[in-house]
Amino acid sequence: MAQWIEGRVVENVHWTENLFSLKIDADVDDFTAGQFTSLALEIDGERVARPYSYLSSPQQRPLEFFFYTATDGVLSNALVKLEAGDGIWLKQQSNGFFVLGEIPECKDLWMLGTGTGIAPFFSILNTDEPWQRFENIALVHAVRTLADLRYQEVIDDLKEKYGDRFLFQAYVSRELVEGTINGHIPITLEDGSLEEQVGLKLDVDRSHIMLCGNPDMVKDAVETLKERGFTKNRRRTPGHITIENYW
Ligand SMILES: Cc1cc2nc3c(=O)[nH]c(=O)nc-3n(C[C@H](O)[C@H](O)[C@H](O)COP(=O)(O)OP(=O)(O)OC[C@H]3O[C@@H](n4cnc5c(N)ncnc54)[C@H](O)[C@@H]3O)c2cc1C
């Protein structure tokens, strides 16, 4: 069984009213990019734990996580109050199959995330493996407002490092922002406008699609992709679609 260990908050970065990131020092076991661990705090005498994806890649320290403060959310509303030096519990061992080892050979990798669902993609993209395996990688981040589009400096670094092989597209649903798509991912998978904007075709013979975050987005996107001939990726029957639902 995974052990709880105590880590220490190095920094709490408050991005917006309900987005923040924690940088944490903790002696966790090795993990694979794309995996999650559990974080916990003692709240009213009880240890409250929830799963969180690593945003940092395995070699990066301090560890980093990206959070949304859920309305009335018990743990996220306690995590947001942490300050440098505060203690936090982490599971020493990580979990999860949202990792490149589960992705069959293909040419183009699509990473589609909503909100904090971008985290595991950054963990993966800051390792060498995806750049050794795939010809092109398209990262798609869907948020509500321009202020929610965080970590643009990571995206800029990836663009600089990998040039035309790295494609990025943002969606902002509640504001009109130049260069972004005003809407939601599933509908643009159906009408082809995402591919048009990105300049890369989704193709059953070339593409694999990873989806992470809001379960409604994941469900609707999977339905649309299935209609286009893409199949769910399972160990016994490899396919094109690999998912991680956050709730
Ligand atoms: C594998 C996995 C990885 C996860 N990784 C992250 C992560 O990296 N960052 C993160 O913020 N959350 C992540 N979550 C969600 C996280 O575990 C908690 O559910 C979330 O922080 C809310 O906990 P809470 O106690 O504050 O709220 P609760 O009282 O448990 O309320 C849960 C409700 O909050 C909403 N909610 C939960 N997570 C989110 C979210 N990320 N964005 C918007 N609304 C949400 C949903 O409506 C959900 O029903 C992950 C979940 C899973 C299963």
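Predicted model: local features only at pLDDT ≥ 70, side-chain atom pairs only at ≥ 80, totals over all residues.

Colleague: OK, in what order do the strands of the open sheet run?

Modeller: The order is S4-S3-S6-S1-S2-S5, six strands with antiparallel pairing. S4 and S5 (63–68) are the edge strands, each pairing on one side only. On average, neighbouring strands in this sheet are turned by 40 degrees against each other, direction ignored.

Colleague: How many bridges link S3 and S4?

Modeller: Eight, between residues 36–43 of S3 and residues 46–53 of S4, in the antiparallel sense. Leu 41 has Val 48 in S4 as its bridge partner. The hairpin has two residues between the strands, and Asp 44 there takes a positive phi near 50 degrees.

Colleague: And what about S2 and S5, how many bridges there?

Modeller: Six, again antiparallel, with S2 covering residues 19–25. Leu 19 is partnered with Tyr 68 in S5.

Colleague: Switching to H4: which residues are buried?

Modeller: In H4 (residues 152–162) they are Val 154, Ile 155, Leu 158 and Tyr 162. Looking down the axis of H4, these buried residues fall within an arc of 100 degrees, so they line one face of the helix. Asp 157 and Glu 160, on the other side of H4, are exposed.

Colleague: Which residue takes a positive phi just after H4?

Modeller: That's Gly 163, with a phi of about 55 degrees.

Conventions. Residues numbered from 1 in each chain as written. Heavy atoms only, no water. Pairing = 2+ DSSP bridges. Helix = DSSP H or I, 4+ residues; strand = E, 2+ residues; numbered from the N terminus. Buried < 20%, exposed > 50% of the residue type's maximum accessible area, 1.4 Å probe, protein only. Arc of directions from axis to C-beta. Axes fitted to C-alpha atoms, helices over the stretch in contact; angles between N-to-C directions.
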